[in-house]
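Open the model in your viewer and keep the selection tool at hand. Each stop below says what to pick and what is there.

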Amino acid sequence: MNQPIVAISPGPRGWGVPVEVQIKDKRRKIVCITGGGIHPVAQRIAELSGGEAVDGFSTIVPDAETACVVVNCGGTLRLGIFPKKGLKTVNINPVSPSGPFAAYIKPGIYVSAVGLDQVQIKKEETP
């Protein structure tokens, strides 16, 4: 049985198009890098997807085990370094691409201004 697809949309003043997260193979971790602990957005993504929320400040998670990363970056580093590595990145702050990593921040891999209301199970499309 396939795991559900979680659609994460940009919030008010946010940037991007919905990022889709689905737990597959080893990619089971929702890595939270928001200043310690698990942010509610990371917890909701984990609950809906069947993944595991992990505090990225206290646990190192290999990229191959990462389904997505939740950050609260208002600058340029965390919001860009993960997309550069090809990791889906969810920013709880309303930040658009900027800085030295802006070229790697693409629609479908990065979304910002995400709150709990923007995290939902993707509805099945009917033919």
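This is a predicted model: local features need pLDDT of at least 70, side-chain atom pairs count only at pLDDT 80 or more; totals for chains, interfaces and linings use all residues.

Residues are numbered from 1 along each chain as its sequence is written, and side-chain values use heavy atoms, with hydrogens and water left out.

**Stop 1: helix α1**

Select residues 40-49, which form helix α1. Helices here are DSSP runs of H or I with at least four residues, strands are runs of E with at least two, and both are numbered from the N terminus. Now colour V41, A42, I45, A46 and S49: these are buried. Buried means under 20% relative accessible area, exposed over 50%, and partly exposed in between (1.4 Å probe, protein chains only). Look down the axis of α1. Its buried residues fall within an arc of 135°, so they line one face of the helix. That arc is taken from the directions from the helix axis to the C-beta atoms. An α-helix has 3.6 residues a turn, so residues three or four places apart point the same way.

**Stop 2: two loop residues**

Pick C73, in the loop between β5 (66-71) and α2 (77-84). C73 is buried, at 6% relative accessible area. An unreviewed UniProt entry annotates C73 as "modified residue: Phosphocysteine". Such annotations may be inferred rather than shown by experiment; positions follow the numbering used here, and feature names are shortened.

Next, S112, in the loop between β7 (110-111) and β8 (119-121). Its relative accessible area is 0%, so S112 is buried. What is S112 in contact with, leaving aside its neighbours within four places in sequence? Show P10, G11, G14, W15, N91, N93, P94 and V95. Contact means heavy atoms within 4.5 Å.

**Stop 3: salt bridges**

The whole structure holds four salt bridges, each a side-chain nitrogen of Lys or Arg within 4 Å of a carboxyl oxygen of Asp or Glu. Select K29, E52 and E65, which are linked in a network. K29 to E52 is 3.9 Å between the closest N and O atoms. K29 lies in strand β3 and E52 in strand β4, so this pair ties together parts 23 residues apart in sequence. K29 to E65 is 3.6 Å.

Finish at D63 and K85, whose side chains meet at 3.3 Å, N to O.
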